[in-house]
Amino acid sequence: MSEILEVHELRAYYGQVQALHGIDLSLREGSVTTLLGANGAGKTTTLRSICNMIRFTGAIRFDGIELNTRSTEKLVRLGIAHVPQGRGTFTRMTVEENLRLGAISRNDDITGDIDRMYAHFPKLKERRSQQAGTLSGGEQQMLAVARALMLRPRLMLLDEPSFGLAPLIVRDLFKILGKINREDKVTIMVVEQNAELALELASDAYVIETGRIVMSGPAAEISNNEDIRKSYLGY
Amino acid sequence: MELLTNQILAGIATGSIYACMALSVVMIYQAIDHLNFAQGEMATFSTFVAWQLMRWGVPYWPAFILTVTISFGVGAAIERGLFRPLANASILTNVAGFIALFAIVNSVTGMTWDFTIKEFPSPFGSSQFLGSELINSHEAGMIGVTGLLLVFLYCFLGYTKVGLAMRAAVSNPESARLVGINVGWMVALGWGLASSIGAVAGMLIAPVVFLEPNMMGGILVYGFAGAVLGGLSSPAGAVLGGLLVGVFENLIGTYVPGAGNELKLPIALALIILVLRFRPDGLLGRNVVERV
């Protein structure tokens, strides 16, 4: 399998404060990779750098294309979908409008894809003409994932999808993510604090601490290593 | 009874101009969260452009369309050049920017076309509308054009891809960027549209109040009042608010003893404050309760 995303020597800053101190990552095409770490370790910052939403140095390549100089809105056209922390739903717009917005950079017919999303997430179909802000937390997260899929992305970045959700709902959500990865061949990178569940889904894992990668390898290996689990993942 | 109908219709006619101004105020408020104090002056400037074009021999409707187009460009250019750099500045910086814009546009208009009153033609004439005693054809025209404008905006925002993108950029700029929307251009588009709507309002009211550089001053106050009454988050609310202000104003002037021309404005505004006391987000404004 070839590498779809390569990150080299990524350093990022918030004003004067350096948040990332030289991160190296690579994602195999078709894999699910998880980036684990505690609050403030730099997980979100890594995702935001990939999407060019903050200032950074280093090299980020997607499918061989240099991303550094591309604005956030242009990255989408390469097939990178980002589900931000806090879901980023358009709360005042309807569920269906949210889905249409996910595909707004596409110029082909999207009605089939909207139906496909309703098949993945039947709850969304029931609520298609409701304002997204009135949905429950779990439904909003489903909507955020569905909106990202409407792009027909090659790579989907998810920032703490489990945040604030009940365990059962999180389990459902991760099941769907696995299905999307297998059936639609979408490469997934998921940032999580909920390490146990993320390691079940992922094939590869990275552990980040205070802006540095401290561990990487196959997900199974990391979840089987008790020392790592105790010192970095807290379970 | 006839007097009442007459006053209500006349109120709707002037109200439709307030509605246009309210609409342009709301367009910009939605895009950047600030009230544009210079909206009226920009509309006056546009009206002078139309006047000048007709002076040069351009017939009314081509001049009308050309003016709307030019106003769109000027509005978008003002956003790009002046307010985009202020996007992250404090509220007061922005307010200062708007006041500066107000003064600059006003003086440029005065310098270019001087301060004497000018006549501005109406494409609808001033005969009785369909033989009715109640409303003249220009008033009917104002209502008609405002109605068309509203239908156009409704279709544009609700049913086109660009309209959808524009609403998304307002609703959540960061997420809009993440789905591939160029938020900066959407804001400029909002300014362009607001400026065009203002131009329409100016060209429609000019035959009634005569054209001069301070023509829109009072009208913008009514427009603001209408926008706030209807709800700053709702274009339909802005139109409703504008119309209600127009009707209030006329009815108070006619029926409240001693109110006359001097007091009808303050009484109308006092009524609005009373309404807002009970509905702070305006009549159609939305205060969305969000689940977390």
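Predicted model: local features only at pLDDT ≥ 70, side-chain atom pairs only at ≥ 80, totals over all residues.
Where the two domains meet, the contact draws 13 residues from domain 1 of chain A and 10 residues from domain 2 of chain A. On the side of domain 1 that touches domain 2, the largest share, 4 residues, is supplied by helix H7 of chain A, which spans residues 167–183. The residues on that side of domain 1 of chain A divide by class into 10 nonpolar, 2 polar and 1 charged.

Chain A also holds an open sheet, in which 4 strands follow the order E2-E1-E4-E5 and the pairing is antiparallel. The edges of this sheet are formed by strand E2 (17–28) and strand E5 of chain A, each of which pairs on one side only. Within the sheet, strand E1 (residues 3–14) of chain A is joined to strand E4 (residues 56–62) of chain A by 6 bridges, in the antiparallel sense, and one residue pair to look for here is Ala12(A) with its bridge partner in E4(A), Phe56(A). On passing from E4(A) to strand E5 (residues 65–66) of chain A, the reader finds 2 bridges between strands that again run antiparallel, with Arg61(A) having Glu66(A) of E5(A) as its bridge partner. E4(A) and E5(A) make a hairpin with 2 residues between the strands, and in this hairpin Asp63(A) takes a positive phi near 55°.

Sorted by class, the contact of H1(B) with H8(B) has 17 nonpolar and 4 polar residues, and no charged residues.

The two chains meet through a contact in which 19 residues of chain B touch 24 residues of chain A. On the chain B side, the elements that give two or more residues are helix H6 (161–171) and helix H7 (173–178) of chain B, and the largest share, 6 residues, comes from H6(B). By class, the side of chain B that touches chain A has 8 nonpolar, 5 polar and 6 charged residues.

As for confidence, the predictor gives the complex an ipTM of 0.90 and a pTM of 0.86. Chain B averages a pLDDT of 88, and 96% of its residues score at least 70. Within chain B, confidence is highest in helix H2 (residues 39–55), at a mean of 96, and lowest in helix H11 (residues 260–278), at a mean of 79.

Terms used
Residues numbered from 1 in each chain as written. Chains lettered and ligands numbered in written order. Contact = placed C-beta atoms within 7 Å. Nonpolar A, V, L, I, M, F, W, Y, C, P; charged D, E, K, R; others polar. pLDDT = per-residue confidence, 0-100. Pairing = 2+ DSSP bridges.
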